[in-house]
Amino acid sequence: TIVLLTNVELSEILTINKSITLDGNVHTLTSNAARAINVVGENEVTIKNLTINASGERAINVIQGAAKLTIENVKATAANYTVNVAGSAKGATVTIKDSELTGLNAVNVAGANANITIDNTTINTVDNNTAEGYSSIALNKDAKGATVTATNTTINLTGSACSDSKKAKVDAEGASITINGSTADVKITVAYISYGDTYYSFETLEAAIEKAQAGETVVLIKNVTL
């Protein structure tokens with residue numbers, strides 16, 4: 001266990017690549033790096049009692065293995081992807097409890113078969129950009145089979161582009177998000193069109209067909225009844 005005795009300011013990414021507990025001891029970690037904390041590999045890591053102020057994306061970034069990460073009593077703020085499970089973190093298990101997360105796509109998952117549990121946590125999302133498909137909790141198209149279960153969780157949405165449908169979105173086949181026992185606020189993607197490293201997702205097959213350009217492929221991610 002590493003216990004902070006003072007506030008810390010970092011100019012480089014803090015990489016955790018061993019099984020360890022980082023106890024912030026109610027102190028603040030301020031990061032000016034591209035990422036604040038990288039959790040790497042198949043390790044058991046606990047981050048607790050810490051405030052994280054990330055100047056860019058990703059306050060906590062899980063990469064390169066099926067880590068078992070517990071985030072407890074953490075107040076984390078980032079521009080977006082506040083807690084991110086990358087595509088290289090297939091099968092990762094992340095538990096978030098008694099915490100507060102602020103940012104666009106505050107919980108973002110790209111790792112297939114990742115399992116995210118959220119309890120007694122507040123998520124704050126401010127979205128004024130109508131052109132982007134941000135939400136508070138997001139499973140992107142690579143997160144096949146991933147699950148997010150949120151209980152006793154409050155999601156606060158503000159900004160001109162926010163609506164209840166932006167609480168959560170699922171863009172991956174076989175993936176699911178449940179918020180306080182309900183899927184009512186979860187936006188479900190039916191199909192997407194890929195353009196290299198980017199993609200456009202659609203809630204109806206009709207919209208996908210209308211938007212498809214000649215020669216592009218529409219990919220279904222769930223069964224469709226017409």
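Predicted model: local features only at pLDDT ≥ 70, side-chain atom pairs only at ≥ 80, totals over all residues.

User: With which residue does the side chain of K169 meet in a salt bridge?

Analyst: The partner is D171, with an N to O distance of 3.9 Å. A salt bridge requires a Lys or Arg side-chain nitrogen within 4 Å of an Asp or Glu carboxyl oxygen, so this pair qualifies. D171 is buried as well, at 1% relative accessibility.

User: How many salt bridges does a search of the whole structure find?

Analyst: The search finds five. Among them is the pair R58 and E57, whose closest N and O atoms lie 2.4 Å apart. Here R58 is buried at 13%, whereas E57 is partly exposed at 29%. Another joins D142 to K141 at 3.6 Å, N to O; K141 is buried at 16%, and D142 is partly exposed at 44%.

User: Turning to the backbone, which value does phi of Q64 take?

Analyst: Phi of Q64 is near 55 degrees, a positive value in a residue other than glycine. Q64 lies in the loop between β7 (60-63) and β8 (68-80), and is exposed, with a relative accessible area of 53%.

User: Where is N180 placed, and is N180 buried or partly exposed?

Analyst: N180 sits in the loop connecting β19 (176-179) and β20 (186-188). Its phi is positive, about 50 degrees, although N180 is not a glycine. With a relative accessible area of 44%, N180 is partly exposed.

Technical notes. Residues numbered from 1 in each chain as written. Heavy atoms only, no water. Helix = DSSP H or I, 4+ residues; strand = E, 2+ residues; numbered from the N terminus. Buried < 20%, exposed > 50% of the residue type's maximum accessible area, 1.4 Å probe, protein only.
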